[in-house]
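Trainee: Can you walk me through this one? I'd like to go piece by piece.
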Amino acid sequence: MEKAPLLEMRNIKKDFNGNQVLSDINITLREGEVIGLCGENGAGKSTLMKILFGADVIRETGGYGGDILINNEKVSFQSPFDAIAAGIGMVHQEFSLIPGFKATENILLNRESKKKSILSDLFSDRLDTLDRNEMNRIAQEAIQQMGVNIDKDMVINDMPVGHKQFTEIARELSKKQLKILILDEPTAVLTEKEAEALLDSIRGMSKRGIAVIFITHRLGEILSVCDRVVTMRDGYVVNETPASETSIPEITSWMVGRDVADTGSSYVTEDIGKDKRTILSIKKLWVDMPGETVRNVNLDVREGEILGIGGLAGQGKLGIPKGIMGLCNAGGEINFDGQDIPLNDPRKCLDASFAFVAEDRRNVGLLLDESLEWNVSFPAMQVQDKYLKKYFGGLIKWRDDEAIKKVTAKYIDELKVKCTSTKQKARELSGGNQQKICLAKAFALNPKLLFVSEPTRGIDVGAKALVLDALKKLNKEQGVTIVMVSSELEELRQTCDRIAIVSGGKVSGILPAGEKLEKFGELMLMNC
Amino acid sequence: MKNKSIGDYLRRFSVPLMFVIICLICAPISGLSPNYLINEIVTRIGRNAFLILSLLIPIMAGMGLNFSMTLGAMAGEIGLILVSDWQIVGIPGMILAMIVSIPISTLLGLFCGKVLNMAKGREMITSYIISFFINGIYQLVVLYLMGPVIPIVHSTIKLPRGYGIRNTVSLLSMRQHLDNLIPLNIMGVKIPVATFIVIFLLCLVIIWFRKTKLGQDMRAVGQDMDVSRDAGIDVERTRIISMILSTVFAGIGMIIYLQNMGNIATYSSHSQIGMFCIAALLVGGASVDKASIGNVFLGIILFHTMFIVAPKAGTVITGDSMIGEYFRVFVSYAVITVALIMYETNKRKNKSKAGMQLALDQEQEEANG
């Protein structure tokens, strides 16, 4: 008879405020098995792993449905520490290392080997001294187990990124009880050679009986190291196949896999704007935005078009507008309508009639404790001296409350913002309505070029359609050029004329919006 | 990986270097004899070292310069006032004063740590303001409660009106008792051996502490609170412990400081002690996030040499002794300001470095085709 699986996830369900993100997930994992988990952003991979790892955010948002069984016993983790105790280890996308500590100290962080001293008997065991020799031995052992050689005495700050990643993995391996290791895009920061070493090390772990859940966008790696591939989309497991029986194109089509013929009619399928002149040209742009680094981007935006920028999370698509608008440290050349725009100077961009709707509306986009009137009119007032009454030849400027009220009411009406009055505080609105106010704010600037980042993130379907329609309308009726950044490919395809895909910080290609989904999928995975 | 140029070193040690130069210029002008100078410096090392060492632990825990060490100083003063009223003299008096001060410092440190946990990232300004707040409470206790609530017997300590403590409390009964416990005189330089032994012991404790689990936790918390929390370290508790330790050490340090001075200026002894200690530490080459025992001693020597020679030099040059007094206060604030600015610019410089690297990578890539 076959042994019970090491891990079994049964009918896992999860919603955030009624928004279903996971439905009926069933996954089993046997000892020493390696499964690859793939899917687009928002497919639910991270949420699923958070549930498995007992992350606080899951409990705070109302827990999950379904059962998790380890060795046939039902478990319910109250915190990541419970999960660790049960033998689950996780290597996160972001490093969780102390920068000024040596590799050894990080590997054994808060699990240091100790020697008793008299004072520790008197007070607490926190006064035990550290046993450096023993720590070095354990760290060295973990590094050897991993099979990739890193210097255990090197300080994290001085390490190349790849070694930081290996330090994290060694930390998990040094835990004696480790049975299941979750690797969340571990190869994203590795060079090809390092990635190869990591794959070898995964094979080694699997031989010793450690089961691995491997999340990555590099499908080639999944095929070469995993036993099974699980593909997720929109909160469902859409496919589960042995890795030996599938191929990259097949997985890609499962990942993006909506029915293309179904909605094809509304797309712009051809590159219609070839004859239009270039209004914004971006050359050799680099942007230092943490987590969204942009490297050497060259991109031309045509007058009057809606250009989409898509790509997977962390590949740099959000960095492009932030760098151009001067919100993150950037370098390169920007030319708008024949005029050079200096970087790192937001005011110059605004003076050149750019407007930007940031993805982070609560922190950057809105004055949460001020009225809608102020929110809508504030940038226009600051940048363009609009809604001001001038006396003594502009020596004294007075706020024109009448005009402010009028324009706010106009936008509330146009964008169907649900609010009690124009005097309501921005904080009191729902996410979707807040987003509409952000748009109104940008519209009030009468921009020639509008950047919008993730305009539909975290808002419901109805508001989504309204926001996208408002953008389209602005583009059509006033000829405003729009650059729209979004991680939802489908939404880009419905709204844009052309879509540029960013991967590994670079533009990997520009396609007409109606191009086949597989083509976009290929571009997304090209450099990452 | 890191190629440190001479320029980097110069920048790092710019503050100590500046002070070496000031001292070298002022010392001959002041006309003080080397023997006098060395005697003064040795005395001041004995007087201040313990206090300044108390600053090291919060820096290790990433809480910056502990301006609220003043709290410990106040606790030490209360201990001394009570002990001198009980008329317990000499070394036993000092030890008793320390014992009295420790629970007070612990409570104050606990309070301070809790407040600072609510103000993460703004520890220094918060601790600075806390010291003003607690100073108010200290004045209430010393000016009104000592007498009616806390029994004070001797009229030499009490204000003539019957309650409250006089402006100065004489500590003649224990003046330099610790310093002179083991007398030693080398070529006319009086060395407070016993005090030095106590300071040496504290240095050992700090070195040992760095090797303990708690010390390791503090270093981890100081560098990244989130990572430490994820690893299961109780960040809040660790930070509170570091504040308590610092405050308790500051209280003991204040008692050593005052036994050397020989009297307590009840309402002002503690008020500038924090400022001077922090300035001395920074002069020794420490920064907001990094300080060592070496910094402490180098700092005391340089800062106090300047303290001694600058007023004299000022008097010689301008004929006005006030100019030197003005200079020393001005310099301590200036040093702290410079250190804080350097801390911020370094942070910013590290940020822009990442950008430069990106631009460089891009160029290389283009050169390679």
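Trainee: Which residue is the bridge partner of A:Phe336 in E17(A)?
Mentor: A:Phe336 has A:Gln339 as its bridge partner there. Keep in mind that this is a predicted model.
Trainee: And the bridge partner of A:Asn335 in E17(A)? Which one is that?
Mentor: That is A:Asp340. E16(A) and E17(A) run antiparallel and are joined by two bridges.
Trainee: What about the hairpin of E16(A) and E17(A), how many residues sit between the strands?
Mentor: Two residues lie between the strands, and A:Asp337 in that hairpin takes a positive phi near 55 degrees.
Trainee: Which sheet are these strands in, and what is the strand order?
Mentor: An open sheet of four strands in chain A, ordered E14-E13-E16-E17, with antiparallel pairing. Its edge strands are E14 and E17 (339-340) of chain A, each pairing on one side only.
Trainee: How many bridges are there between E13(A) and E16(A)?
Mentor: Seven, in the antiparallel sense. A:Ser281 has A:Asn335 in E16(A) as its bridge partner, and A:Trp286 has A:Gly331 in E16(A). A:Asn335 also has a bridge partner in E17(A), namely A:Asp340.
Trainee: How are E13(A) and E14(A) joined?
Mentor: By six bridges, running antiparallel. One of the pairs is A:Val287 with A:Val294 in E14(A). E13(A) and E14(A) form a hairpin with five residues between them, and A:Gly291 in the turn has a positive phi of about 85 degrees.
Trainee: Changing topic. How many residues of chain A are in contact with chain B?
Mentor: 25 residues of chain A, and they contact 25 residues of chain B. On the chain A side, E8 (129-130), E13 (278-288), E14 (294-302) and E16 (329-336) each supply at least two residues. E13(A) gives the largest share, three residues.
Trainee: What classes do the residues on that side of chain A fall into?
Mentor: Nine are nonpolar, eight polar and eight charged.
Trainee: OK, now the sheet with six strands. What is the order?
Mentor: E18-E21-E22-E15-E23-E24, in chain A, as an open sheet with mixed pairing. E18 (354-357) and E24 (506-512) of chain A are at the edges with a single partner strand each, so one side of each has no neighbour in the sheet. From one strand to the next, the twist averages 20 degrees.
Trainee: In which sense do E15 and E23 of chain A pair?
Mentor: Parallel, over four bridges, between residues 306-310 of E15(A) and residues 498-503 of E23(A). A:Ile309 has A:Ala500 in E23(A) as its bridge partner. Helix H20 of chain A, residues 517-524, packs on the sheet and touches E23 and E24 of chain A. The direction of H20 makes about 30 degrees with that of E23(A).
Trainee: Helices next. At what angle do H6(A) and H7(A) pack?
Mentor: About 110 degrees, with the axes 9 Å apart; H6(A) covers residues 132-146 and H7(A) residues 161-173. That makes H6(A) roughly perpendicular to H7(A).
Trainee: Which residues in H6(A) meet H7(A)?
Mentor: A:Ala142, A:Ile143, A:Gln145 and A:Met146 in H6(A), and they meet A:Phe166, A:Ile169, A:Ala170 and A:Leu173 in H7(A). By class, this contact has seven nonpolar residues, one polar and no charged.
Trainee: Over to chain B. Is H9(B) mostly covered or mostly uncovered?
Mentor: Mostly covered, with 10 of its 11 residues buried; H9(B) runs over residues 213-223. Among the buried ones are B:Lys213, B:Asp217, B:Met218 and B:Val221.
Trainee: What covers the buried residues of H9(B)?
Mentor: The cover includes E7 (114-115) and E8 of chain A, along with H4 (56-60), H8 (193-211), H10 (225-230) and H11 of chain B.
Trainee: Last one. Which residues touch the most other members of the largest nonpolar core?
Mentor: A:Val212, A:Phe214, B:Ile52 and B:Leu281, out of 245 residues in that core. Helix H11 of chain B, residues 235-261, supplies the largest share of this core, 15 residues.
Trainee: What is B:Leu281 in contact with, leaving aside neighbours within four places in sequence?
Mentor: B:Ile52, B:Leu55, B:Ala286, B:Ala291, B:Asn295, B:Val296 and B:Gly299.

How values were computed:
Residues are numbered from 1 along each chain as its sequence is written. Chains are lettered from A and ligands numbered from 1 in the order in which they are written. This is a predicted model: local features need pLDDT of at least 70, side-chain atom pairs count only at pLDDT 80 or more; totals for chains, interfaces and linings use all residues. Two residues are in contact if their C-beta atoms, placed from the backbone, lie within 7 Å. Ala, Val, Leu, Ile, Met, Phe, Trp, Tyr, Cys and Pro count as nonpolar, Asp, Glu, Lys and Arg as charged, and the others, Gly among them, as polar. Two strands pair if DSSP finds at least two bridges between them. Axes are lines fitted to C-alpha atoms, for helices over the stretch in contact, and angles run from 0 to 180 degrees between N-to-C directions. A nonpolar core is a set of buried Ala, Val, Leu, Ile, Met, Phe, Trp, Tyr and Cys residues joined through C-beta atoms within 7 Å. A residue is buried if 20 or more other C-beta atoms lie within 10 Å of its own, exposed if 12 or fewer, and partly exposed in between; C-beta atoms are placed from the backbone. Angles under 35 degrees count as roughly parallel, over 145 as roughly antiparallel, 65 to 115 as roughly perpendicular and the rest as oblique.
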